[in-house]
Every structure is written in C-alpha cells, then in structure tokens.
Amino acid sequence: MELKRTFLNQAHVDQGGKLVDFSGWSLPIHYGSQIKEHLAVRHGVGIFDVSHMTIIDCKGPMVRDFLRRVLANDVGSLAINQALYSVLLNERGGVVDDLIVYRLSDCYRLVTNAATKDKVLAWLELQNLEQIQLEELDLSMIAIQGPRSLQAISSWSKTYDFESLKPFSCVLIDEVLVARTGYTGELGYEIWCHPNHAPKVWDKLMEYGKDEGLIPAGFAALDKLRIEAGLILFGNEFDGEQDPFEAG
C-alpha cells in the first residue's frame with residue numbers, strides 16, 4: 001500500500017531526510033544524525049513535521065457532557081483557548097489512547113496518535129449517545145521544541161508576545177493556531193495551518209529560526225525525547241489493557 005505523504009514531504013526530501021513508514025505515513029526518521037537532532041532539541045531548538053496526527057473537532061450542545069464521560073479528565077475546567085492532557089477510556093477503564101484536548105471558541109479539539117486513528121474514531125462514534133458532531137480535520141501540524149523555541153517562533157511572527165502564552169494554552173494568529181504544547185518535555189510550540197500553507201510556514205520557521213540554531217528533526221529523536229520525558233506512546237507503554245495508573 002502506498003504511504004501517505006504530508007504537504008511537507010518535499011521539504012524533507014530537499015533537507016536530506018531519510019523517509020520511512022511511520023503508521024502508514026512517509027516521514028523522516030532523521031536528517032543524518034538522530035543524536036545531533038536530539039541534542040538540538042535539548043539544548044537549542046528543533047522542528048518536527050507531525051502532520052500525521054489525528055485531529056478531531058467535537059461540536060454540539062452536549063459536547064462537554066460527552067467528553068466528560070469518555071475522557072479521564074474534566075474538560076469543564078477549560079476556558080477558551082486552554083488545553084489539557086488526558087486519556088480516552090474504554091468500557092473497562094483501559095486507555096484507548098492518550099491525547100490533548102483543546103477548548104476553542106466553537107468546539108473542543110482532540111489531537112490523538114496516528115496509529116490509533118481507526119480505533120479512536122470508531123470508539124467515539126460508538127459512544128456518541130449525545131449525538132455531537134465529530135469531524136476529522138485535514139490540517140498540517142508543525143512542532144518547534146527546545147529551550148530556544150521561544151526565540152525562534154518570536155522571530156517568525158512578531159505580531160504576538162509568545163512569552164505570554166502559558167503552557168497548555170493556544171492563540172489564533174492569521175488563521176494559524178499556535179499552542180504551547182509538545183511531546184519532548186522541553187519548552188515548545190505546536191502549529192496548525194491549512195496544508196497548502198504548510199510549506200511556506202515551514203520555510204519561514206527554518207529561515208527565521210536559523211539564528212537560534214534551529215534544525216529539522218526526525219522521529220528517532222522524537223521517540224527518545226519523549227521517553228526521557230516519561231511520556232507514553234500507544235504500542236509501547238500501553239496497548240488498551242492498562243488503566244491510566246498502570247500506563248503511567
């Protein structure tokens with residue numbers, strides 16, 4: 001079966017990325033040295049293409065009740081443009097997937113793993129007693145991670161004071177949503193944009209971040225970074241049988 005490609009595929013090829021099969025997507029495992037990329041994120045700043053992630057918008061009058069029932073954490077605590085980390089639970093209280101849920105002005109947005117996409121969508125549909133609207137979105141997603149990520153993203157867009165963006169908060173800037181979230185344990189930001197705009201956003205971030213030492217990083221570095229940070233991943237720390245305490 002042919003692998004799916006993100007809208008940044010050509011950028012990865014041009015920058016020397018070694019592309020491999022990652023949950024059915026053609027994505028860079030590294031750009032020459034996973035150690036260099038790992039250390040760049042720990043001490044400087046790296047940029048990742050995470051457009052393979054599953055993004056689901058949940059809308060409707062009963063959406064808060066629905067999410068309170070299927071997630072382990074209470075979305076009722078979220079103000080607009082706030083987010084929380086949580087897990088989607090099965091009928092036994094086991095973990096279907098871990099995710100981040102964002103409360104936006106018109107919906108709640110779930111960001112889950114690519115490998116669990118079919119399972120997550122089927123479970124949400126099965127549990128949809130409140131008859132909310134579930135819409136999978138086709139967006140590109142770029143992560144900038146590392147202690148120099150603030151300087152890099154501030155150089156990219158000078159219209160917002162990113163230093164004021166608190167952890168697990170987001171802001172809409174010219175139809176680009178920027179959240180202070182990530183999967184590395186470092187200071188970082190995740191950006192959603194229309195796929196057609198992704199190459200331009202990526203190129204600008206690369207250009208304006210070069211003074212901060214920004215380099216592209218692949219999934220080998222990302223996996224090691226999340227392990228160091230104690231962050232779980234489906235198929236590794238849990239497979240659906242563990243409850244949230246067992247999964248850590």
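This is a predicted model: local features need pLDDT of at least 70, side-chain atom pairs count only at pLDDT 80 or more; totals for chains, interfaces and linings use all residues.
## Two helices that cross: α5 and α6

Let's start with a helix pair: α5 and α6 pack with their axes 8 Å apart, at an angle of about 115°. The crossing of α5 past α6 is right-handed. On the α5 side, Ala152, Ser155 and Trp156 make the contact, and they meet Val201, Lys204, Leu205, Tyr208 and Gly209 of α6.

## The largest nonpolar core

Trp156 turns up again in the largest nonpolar core, which has 26 residues; Trp156, Val178 and Ile191 touch the most other members. At least two residues of this core come from each of β10 (140-145), α5 (149-156), β11 (170-173), β12 (176-179), β13 (188-193) and α6 (198-209). Helix α6 gives the largest share, with five residues. There is also a second, separate core, made of 25 residues, and Trp25, Phe48, Leu177 and Trp192 are among them.

Ile191 deserves a visit of its own. Leaving aside residues up to four places away in sequence, Ile191 touches Ser140, Met141, Ile142, Ile144, Ile153 and Trp156, and also Val176, Leu177, Val178, Val201 and Leu205.

## The six-stranded sheet

Several of these strands belong to an open sheet of six strands with mixed pairing, in the order β11-β12-β13-β10-β4-β14. At its edges stand β11 and β14 (215-216); each has a single partner strand, so one side of each is left without a neighbour in the sheet. Inside the sheet order, β12 and β13 pair in the antiparallel sense over three bridges, and Ala179 stands opposite Glu190 in β13. Helix α6 packs on this sheet, where it touches β4 (46-49), β10, β13 and β14; the direction of α6 makes about 15° with that of β10.

Strands β2 and β3 (residues 25-30) are antiparallel partners over five bridges. Phe22 has Trp25 of β3 as its bridge partner.

## Helix α2 and its surroundings

The axes of α2 (residues 34-43) and α7 (residues 219-228) come within 8 Å and cross at roughly 50°. The two helices are therefore oblique to each other, and α2 passes α7 in a right-handed crossing. The contact is made by Gln34, Glu37, His38, Val41 and Arg42 of α2, together with Ala220, Ala221, Lys224, Leu225 and Glu228 of α7.

Which residues of α2 are buried? They are Glu37, His38, Ala40, Val41 and Arg42. What covers these buried residues includes α7 as well as β3, β4, β10 and β14.

Strand β6 (residues 82-89) is largely enclosed by the rest of the structure, because six of its eight residues are buried. Its pairing with β7 (residues 95-103) is antiparallel and runs over eight bridges; within it, Tyr85 stands opposite Ile100 in β7. Five residues lie between the strands of this hairpin, and Gly93 takes a positive phi near 85° there.

## A buried threonine in a loop

We finish in the loop between β8 (108-112) and α4 (117-126), which is the place of Thr116. What does Thr116 touch, not counting residues up to four places away in sequence? Its contacts are Val96, Asp97 and Phe234.

Definitions and conventions:
Residues are numbered from 1 along each chain as its sequence is written. Side-chain values use heavy atoms; hydrogens and water are left out. A nonpolar core is a set of buried Ala, Val, Leu, Ile, Met, Phe, Trp, Tyr and Cys residues joined through side-chain atoms within 4.5 Å. Buried means under 20% relative accessible area, exposed over 50%, partly exposed in between (1.4 Å probe, protein chains only). Helices (H or I, at least four residues) and strands (E, at least two) are DSSP runs, numbered from the N terminus. Contact means heavy atoms within 4.5 Å. Two strands pair if DSSP finds at least two bridges between them. Axes are lines fitted to C-alpha atoms, for helices over the stretch in contact, and angles run from 0 to 180 degrees between N-to-C directions. Angles under 35 degrees count as roughly parallel, over 145 as roughly antiparallel, 65 to 115 as roughly perpendicular and the rest as oblique. A crossing is left-handed if the near helix is turned anticlockwise from the far one by less than a right angle, and right-handed if clockwise.
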